[in-house]
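Q: Could you walk me through this structure? I have not seen it before.

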Amino acid sequence: MRPAPDHDRRGSVTERGIWAARGGAGDRLLVLLHGMGANAAVWERLLPFIERSWNGRWLAPDLRGHGRSVREGPYGIGVHAADVAALIEAEAPGPITLVGHSFGGAVAALVASGWFGPRVREVAAFGVKIEWTEAETARAGEMARRPAPVFATRAEATERYLRISGLAGLAASASATAVAGVIDADGGFQVAMDPRAYGAVGPSVAGLLRLAAAPLRLAAGERDPMTTLDQMRRVDPAAQIFEGAGHNAHWETPDQVWAFISGGTR
């Protein structure tokens, strides 16, 4: 099985098998953590804002089991946090800001706990699903036990990827994130996500968010079906809403997301 084509020449793979794109210069480090089912290329509409305005370096990994990173478990959230922490430590950074979308927000909060080494300055997380029903958790477990389907054509695999990442109707099938979301498989194509990664669902998300030792800010699109303002404000009383956006606000309204991120990084 070959990894997805590398369309970002700034990317490289670490000893832990984690692929990451990087750019910028300076002591400060901005780390972008995507949601479950996506990959680092999902930040492509936000990167122009970062490259124009961020005074420092940025780093955007594909989480374990996603995109161009290793498809090898275990996939517990603690393993993801350890992967990200090792990636950060290798950068020898100054002040660290973590940005997480959806599941990536929970990973960011755990990295910011201090348990894994890096001392994080702040966390900006958006679109995090805070409350899970027993049925939703069971459904994630069921998905983790299913074998990854093989599609006859790249177009079919791309359609599935865009659907599970929440980008159907938003990202074009030829976009960088769509290309990075599909891999060659024996006799066909697969989504570049190991279904076993769904097994990370289970721990209390609100509890994980509260583990952050650094200041943590929350936000979500006003049409995001994953969370509500009331749910977020039980964790962050100052949580905010992105007008006109759904779950993938960094794709739909990157200007609002950058204003949210940069508002706390002065």
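A: The answers below begin with the sheet and then turn to some individual loop residues.

Q: What should I know about the model before we start?
A: This is a predicted model, in which local features need pLDDT of at least 70 and side-chain atom pairs count only at pLDDT 80 or more, while totals for chains, interfaces and linings use all residues. Residues are numbered from 1 along each chain as its sequence is written, and side-chain values use heavy atoms, with hydrogens and water left out.

Q: In what order do the strands of the open sheet run?
A: The order is 1-2-4-3-5-6-9-10, with eight strands and mixed pairing. The edge strands are strand 1 (12–13) and strand 10, each of which pairs on one side only. Helices (H or I, at least four residues) and strands (E, at least two) are DSSP runs, numbered from the N terminus. Two strands pair if DSSP finds at least two bridges between them.

Q: Is strand 6 buried or exposed?
A: Strand 6 (residues 122–126) is largely enclosed by the rest of the structure, because five of its five residues are buried. Buried means under 20% relative accessible area, exposed over 50%, and partly exposed in between (1.4 Å probe, protein chains only). Glu122, Ala124 and Phe126 are buried on one side of strand 6, and Val123 and Ala125 are buried on the other.

Q: And in which sense do strand 5 and strand 6 pair?
A: Strand 5 (residues 96–101) pairs with strand 6 in the parallel sense, over five bridges. From strand 5 the chain passes through helix 3 (residues 103–111) to strand 6, and this β-α-β crossover is right-handed. Right-handed means that, with the strands pointing away from the viewer, the path from the first strand over the helix to the second runs clockwise. Within the pairing, Gly100 has Ala125 as its bridge partner in strand 6.

Q: What about strand 9?
A: Strand 9 pairs with strand 6 in the parallel sense over four bridges, and Ala125 stands opposite Leu218 there. Strand 9 also pairs with strand 10 in the parallel sense, over three bridges; Ala219 stands opposite Gln240 in strand 10.

Q: Changing topic: where does His247 lie, and what does its side chain do?
A: His247 lies in the loop between strand 10 and helix 9. At 16% relative accessibility, His247 counts as buried. Its side chain makes a polar contact of 3.0 Å with the side chain of Asp224. A polar contact is a pair of N or O atoms within 3.5 Å; within protein, one must be able to donate a hydrogen and the other to accept it, and residues adjacent in sequence count only if both atoms are side-chain atoms.

Q: Which residues does Gly246 touch?
A: Not counting residues up to four places away in sequence, Gly246 touches Gly221, Arg223, Asp224 and Glu252. Contact means heavy atoms within 4.5 Å. The C-alpha atoms of Gly246 and Gly221 are separated by 4.7 Å, although the two residues are 25 apart along the chain. Gly246 counts as buried, at 5% relative accessibility.
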